[in-house]
Amino acid sequence: VVEGLALLDLGVSPYSGAIFHETPLIIYLFHFLIEYAELVFMITDVLTAVALYLAIQDFNKVVFKKQKLLIELDKYAPDVAELIQTPMEMHYIPLKVALFYLLNPYSVMSCVAKSTCAINNTIIAFFILATIKGSAFLSAVFLALATYQSLYPLTLFAPALLYLLQRQFIPIKLKSKSFWLYTTQYAALYLCSLVVIICLSFFLLNSWDFIPSVYGFILSVPDLTPNIGLFWYFFAEMFEHFSLFFVCVFQINVFFYTIPLAIKLKEHPVFFMFVQLAIISIFKSYPTVGDIALYMAFLPVWSHLYRFLRNIFILSCVLIVCSVLFPVLWHLWIYAGSANSNFYYAITLTFNIGQILLVSDYFYAFLRREYYLTHGLHLTRQDGTEAMLVLK
Amino acid sequence: PGSILSYVLGLGWFLALAFPPLAPRTYMSENAMGSTMVEERFPLGQRALAFARQFAAHKKKAGAMPVAWLEQTLWSLGLEVHRQPFTRTLPFPDESRERYMVKGTNVYGILRAPRAASTEALVLSTPCSEGPHNDQAVGLALALASYFRGQIYWAKDIIFLVNEHDLLGMEAWLEAYHDVNLTGEPGGGTAGSWPVLAGLTRALPAEVSSSGTLGRAGAIQAAISLELSSDVVTSMDVAVEGLNGQLPNLDLLNLFHAFCQKNGLLCTIQGKLQRSDLDSLPAYAHSLQTLLLMVLAQASGRPRGDHGLFLRYRIEAITLRGINSFRQYKYDMTTVGRTLEGMFRKLNNLLERLHQSYFFYLLPSLSRFVSIGLYMPAFGFLLLVLILRISFLTLLHLHPLVPTTLWDPCDPPWYLQEPRPGLLVLVPPVLVCHGAGLALYLLPVRGQHMATQHFPVAEAEAVVLTLIAIYVAGMALPHSTHRVLGAAGSARGWMVLKLLALLELALLLSALALLNFSLGFVLALTMVPAAAAVQPHGPRVLLAVVLVLATPAVTLLLGIFLERELLETPAGPAEGWQLFLGALGQGLLQHHLYGAFLCPALALGAYPAWLLLWNVLFWQ
């Protein structure tokens, strides 16, 4: 960012150097704020925490209302009293969410490192707040901003749409006219704001070269500095003529999970949003620990799933051990010269596997709870013996 | 039972490593250094001794390093001479230096390779010590310089460095040469490999400053540090351990061994000669002794010679010492010079940095080595003990808290069972223990002025005594934390605390083992059995004694005694205690001066983990 600013001051396009890959709006933002950089990042973190707090507060109210409605409609099986969430448990969840985000060592690290990921997190947090409050316009604007920053929040379009549809009580049937009407409304809002922002950037810098520099960079992964993601090692080892194919495969991997998850989780769009955020931060081309901090902040919201999580202890140990070994092996590789990139990538792989298992564990627990809610806690087969729930 | 077996297996594996037939012989991996087919013709042994006598005379006259004479001599030999004055502020004056600020000068001459671009360099460094030490080393270096000057086959520049104040001067030279500021100067500069620690030490005024632009000779490929204190030697001793237990590439050692054998020079490691009879018990004991000495030296993280600081910059370096003992056959300077000439000629042949051979190894003797693949399982078994304990605790004792996949209708509903000893109960002990570790790390050096005002002791003693005082005070903590906790500590809370302590210990030990295997292994050896066995019930006094024996400070004390035993100069209790205090002071000093991480690792890592276990022991 500093280099971009320097080039801008000189009158040259900031994208002519190969280092700067942020969007023009960010340059202009920092043009004014560069002296107070630390303060800016602290404020963005606080803003994110506040936005998450308000969002989860609202969400809890919605969940409780929905639960009450379903109980009255007798949709739940009779013996699931333990699984129902009570307001007393849910009272402290927003505070826990905000604290989880602020005190997470990952967010502290990314604040100290002054990574622009913090700004991404703020925009996504505001987007979630706007969606949960139900304002389609604001949510579309924030989503457009988030997509403009890094391409991947595009996948958050689906859960936001599902949530807003649910809020308007529009059933999701492919034949229903109101469904298509609302969808096109929301999509139009989103696309228009995106176009406005892109044109604004064009007018700020009078050139279109921010598009290949920002989006082309994210999509084609030319820079292979090691990070905690999965891309760099593959592409470092690969032959030239295969790299296009593998880039496509890796990028599709990120976007691909939206559709099956949308079909499965259409009743629970906020959980869908959480899983989608996690998938983005694991599979994106240049992940940072700030992204991880954002989706981990959501974990207290589903703390009632604790009893169904199967591997949570081992997974948390794996994540902590990997986080500690990251700097050790980095030091051994770069400074001591005695290890090599394989060690570092091994830890990266383990860390990402841990994250994936965490997300899938939560997914499984969530589905299991839903199943128990509708079918009762004691499952019996046809002949009356005890049955066990298995995820196929 | 499984844990005991695993521990015994780990210990046995380690002891078996010393068995000579099991360890593979060393071999030269780097192709460019393959054969020793050079013909050394160094004739200037007598000239070396003459130089040495002149140097000694001038040193005595000047009282410190005779800078002007050295510069003039190097100039007359035809080298490019530079001098580097440096000053260093110590965090506290230790016994040998007795003052806060140390001033010195490094003098070095560069022999430019006649027909090559100056892109790479080799270094021959000789420390200038006070008194009649190391004079012959400087003399030999000067003689070698004059001989090398006449040869045409040099492809790399050679730097002949004479550094003052041993490691301080070396650190100043290396930092100025590489233009970095690794040891915490407040104004800018890169933070090097330990930015967190550099940030912490930045608060203390430990500045090194040197002046002027340095004459440089390109990237340094290898360095040899020479220490000779007598006109004739009976053997050459090699020291490999560097700062933080980093080791040079094994090829450099192989090079030294090959050339010693070629010239018929007797070479030793850890001061011990090799035995030719293998497969016998005395031979096994001998190689075990050598191995243990190396492990202890590496664990202390102290550089064994001036070469230790080169390793941080990825420059392979070893220290050669000439030993004059009571043997019959003595070698003169010419032989030593020939060996060095051969080594330098081989290093001259290198095309790339040494990377072929091992970086992590242990040496039971000079011709045998144990690589990391062989010695890691020993540590793995010790870690297995901890992991077995952790899983044991998780599965059996915390069973009602682990969610069951099968909903058992006989269990009472989960909200009626004893509430999860909320993690909130554990926060005070954990915070207090880590706070004590932080105090142990920060207070002794910062509080030394206050201590010297109130007590009639010197600063160095004040620092060391504060260290011991905080350490022992930490042991009284369980009583105060329990008063804070009140009745909130449930009967099963100790299990979760023990789980946390074991996890932290396992994490710390594995991170340490990757960076400095000996340190990780030694700490694991002592702390793991105590950690696994500790619990509030059972024979409390016995467990308390075991835990006190396992504490890092006692490990250090026992290590010192063991080292003296192995060096065949056993130390009595009083002397041992003095050495122990000295070691504590040195450890702190080295951390602040060179960025050694033994001190923070023990203070911020091992000590809080041990305190947590101590808390578990005294859980009411």
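Let's start with the transmembrane regions of chain B. UniProt, in an unreviewed entry, places this feature at residues 381–402, 422–443, 455–477, 505–534, 541–562 and 593–618. Keep in mind that what you see is a predicted model.

Take two of those spans. Residues 455–477 of chain B are 78% helix and 0% strand. The end C-alpha atoms of that span lie 25 Å apart. Now residues 593–618 of chain B. Here the span is 85% helix, again with 0% strand. Its end C-alpha atoms lie 38 Å apart.

Next, a helix pair. Find helix H17 of chain B, residues 540–550, and helix H20 of chain B, residues 598–617. At what angle do they pack? The angle is about 175°, and the axes are 11 Å apart. An angle over 145 degrees counts as roughly antiparallel. So H17(B) is roughly antiparallel to H20(B).

Which residues meet there? From H17(B), we have Arg540(B), Leu543(B), Ala544(B), Leu547(B), Val548(B) and Ala550(B). From H20(B), we have Trp610(B), Leu613(B), Trp614(B) and Leu617(B). Sort the residues of this contact by class. You get nine nonpolar, no polar and one charged.

Now move to helix H3 of chain B, residues 67–76. Which of its residues are buried? They are Val67(B), Trp69(B), Leu70(B), Glu71(B), Thr73(B) and Leu74(B). Notice that Glu71(B) is on that list. And what covers them? The cover includes two helices of chain B, H2 (45–62) and H4 (135–149). It also includes strands S1 (80–89), S2 (101–111) and S4 (157–164) of chain B. After H3(B) comes Gly78(B). Its phi is positive, near 95°.

Start with Asn244(B). Where does Asn244(B) sit? It is in the loop between strand S7 (235–239) and helix H7 (250–263) of chain B. Is Asn244(B) buried or exposed? The cut-off for buried is under 20% relative accessible area. Asn244(B) has 10% relative accessibility, so it counts as buried.

Then Arg314(B). Arg314(B) is in the loop between helix H8 (281–300) and strand S9 (316–323) of chain B. Its relative accessibility is 16%. So Arg314(B) counts as buried too.

Let's step back to whole chains. Chain B has 620 residues, and 56% of them count as buried. Its secondary structure comes to 20 helices and eleven strands. Look at contacts in chain B with a separation of 6 or more. Residues 24 or more positions apart account for 83% of them. The accessible surface of chain B is about 25,500 Å². Carbon and sulfur atoms hold 64% of that surface.

And chain A? It has 392 residues, of which 53% count as buried. How many helices and strands does chain A have? The count is 18 helices and zero strands. Take its contacts with a separation of 6 or more. Of these, 74% are between residues 24 or more positions apart. The accessible surface of chain A comes to about 19,200 Å². Carbon and sulfur atoms account for 72% of that.

Technical notes
Residues numbered from 1 in each chain as written. Chains lettered and ligands numbered in written order. Predicted model: local features only at pLDDT ≥ 70, side-chain atom pairs only at ≥ 80, totals over all residues. Heavy atoms only, no water. Helix = DSSP H or I, 4+ residues; strand = E, 2+ residues; numbered from the N terminus. Buried < 20%, exposed > 50% of the residue type's maximum accessible area, 1.4 Å probe, protein only. Contact = heavy atoms within 4.5 Å. Areas by Shrake-Rupley, 256 points an atom, 1.4 Å probe, with all protein chains shown as cover. Axes fitted to C-alpha atoms, helices over the stretch in contact; angles between N-to-C directions. Parallel < 35°, antiparallel > 145°, perpendicular 65-115°, else oblique. Nonpolar A, V, L, I, M, F, W, Y, C, P; charged D, E, K, R; others polar. UniProt positions renumbered as here; feature names shortened; annotations may be inferred.
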